[in-house]
Amino acid sequence: MPEETLERLDVRPGGSYIDATLGGGGHSAEILRRAGPSGRLLGIDRDEAALARAARRLESLPGEKVFVHGNHGDLGRIADENGFGEVDGVLIDTGVSSDQLDAAERGFSFRSDGPLDMRMDPSMGETAADLVARLDVAGLAEIFRKYGEEPRAAHVARAIVKARDLAPVTTTGQLADIVSRSLGAPGRSRGHHPATRVFQALRMAVNGELEALQKALEDAIARLRPGGRLVVITFESLSDRLVKQCFASHAGREVSLQQGGARWEGALPRLERIDRHAVAPSKAETASNPRARSAKLRAVKMPERAEGSEPGK
Ligand SMILES: C[S@@+](CC[C@H](N)C(=O)[O-])C[C@H]1O[C@@H](n2cnc3c(N)ncnc32)[C@H](O)[C@@H]1O
């Protein structure tokens, strides 16, 4: 949804923007073109190789560019350290990129066999194989339930533990096979590959995705100038729910008081919703790019007069 995204970001010439998920740099290229020679962009990605590729791609575009290898869970610190303490817009395009999904050696996909890795930042942290080897049935089932909403979480976890007692589970192919065999026909009949939920859950656990997103949203909101925009794209319902709840709390509500007047209830600073509901991709877009199928876009705006933007007001 590139056009819908940029429309909501409302890039102004000379503005300062943060792309908290730089990826291939497609959105950032358009931000730089629209912000022009006096525009500024901070691009963050936890995948160092993606960051380097995007930096090369964006080199010749106008404006000041700062690229940081890091987690947008640290967005506040990264922004402050790099002179982006107040910005006109923040974009968060969550999840993995097509480049990451298509690279078998990154271990994100059950469609191609590769090492069971799934780290967006391959330089640090536990891999999915480490988690599968370390956790007991209850620990695995909790991840599958919490991050994958897998209805048969305990059943799949038991099948994995049984299989790993025979041989370590170290590849995406092995895991996909164990999950498919344990879920059998009912799993397949939902129209998705039976391992979809388990792979999503492990990826989200390995990368701490919900925790990073929660922090990134609050850090971004705290740095919006009056009129500034925050635009978020998600690809699964858990992240979308988190964004929806965060925006709803900052959009607040007026509660009428018995003695007259009204009191506003909600998190500060108070924000305006740009759309009433999440925006979904058009039929034409999902036809040409099936991966966009589950995308949801939500956007908020800091009021021009930043009423109630200071805590306690
Ligand atoms: C869907 S892609 C972004 C695509 C990008 N908007 C474009 O136009 O090419 C998501 C990117 O965000 C990165 N990413 C995901 N979670 C992150 C996090 N917590 N911190 C930093 N980068 C993250 C991934 O490594 C990936 O490169």
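Which residue in β7 is the bridge partner of Arg-253? In β7, that partner is Glu-265. What you have here is a predicted model, where local features need pLDDT of at least 70, side-chain atom pairs count only at pLDDT 80 or more, and totals for chains, interfaces and linings use all residues. Residues are numbered from 1 along each chain as its sequence is written, and side-chain values use heavy atoms, with hydrogens and water left out.

**Confidence**
- The pLDDT (the predictor's confidence in each residue, from 0 to 100) averages 93 over the protein, and 95% of the residues score at least 70.
- Residues 308-313 have a pLDDT below 50, and beyond near neighbours in sequence this stretch has 9 contacts in the model (contact means heavy atoms within 4.5 Å).

**Around the ligand**
- The ligand is surrounded by 22 residues, counting a residue as near if one of its heavy atoms lies within 4 Å.
- The closest ones are His-27, Asp-45, His-72, Asp-93 and Gln-100.
- Sorted by class, this shell has 5 nonpolar, 13 polar and 4 charged residues; Ala, Val, Leu, Ile, Met, Phe, Trp, Tyr, Cys and Pro count as nonpolar, Asp, Glu, Lys and Arg as charged, and the others, Gly among them, as polar.
- Asp-93 has a side-chain N or O atom 2.7 Å from a nitrogen atom of the ligand, while a backbone N or O atom of Arg-46 is 3.2 Å from a ligand nitrogen atom.
- On the oxygen side, a polar side-chain atom of Gln-100 sits 2.8 Å from a ligand oxygen atom.
- Taken alone the ligand exposes 610 Å², and the protein buries 92% of that (accessible areas come from the Shrake-Rupley method with a 1.4 Å probe).

**Strands and sheet**
- Helices (H or I, at least four residues) and strands (E, at least two) are DSSP runs, numbered from the N terminus, and two strands pair if DSSP finds at least two bridges between them.
- An open sheet of 7 strands runs in the order β3-β2-β1-β4-β5-β9-β8, with mixed pairing.
- β3 (64-69) and β8 (272-273) are at the edges with a single partner strand each, so one side of each is left without a neighbour in the sheet.
- Strands β4 (residues 87-93) and β5 (residues 224-234) run parallel, joined by 6 bridges, and Gly-89 stands opposite Arg-229 in β5.
- Strands β6 (residues 253-256) and β7 (residues 262-265) are antiparallel, with 4 bridges joining them.
- The β6 and β7 hairpin has 5 residues between its strands, and Gly-260 there takes a positive phi near 100 degrees.

- Most residues other than glycine have a negative phi, and most peptide bonds are trans.
- Asp-10, in the loop between α1 (2-9) and β1 (16-19), has a positive phi near 50 degrees.
- Leu-268 and Pro-269 are joined by a cis peptide bond, with omega about 0 degrees; Pro-269 is in the loop between β7 and β8.

Notes
A polar contact is a pair of N or O atoms within 3.5 Å; within protein, one must be able to donate a hydrogen and the other to accept it, and residues adjacent in sequence count only if both atoms are side-chain atoms.
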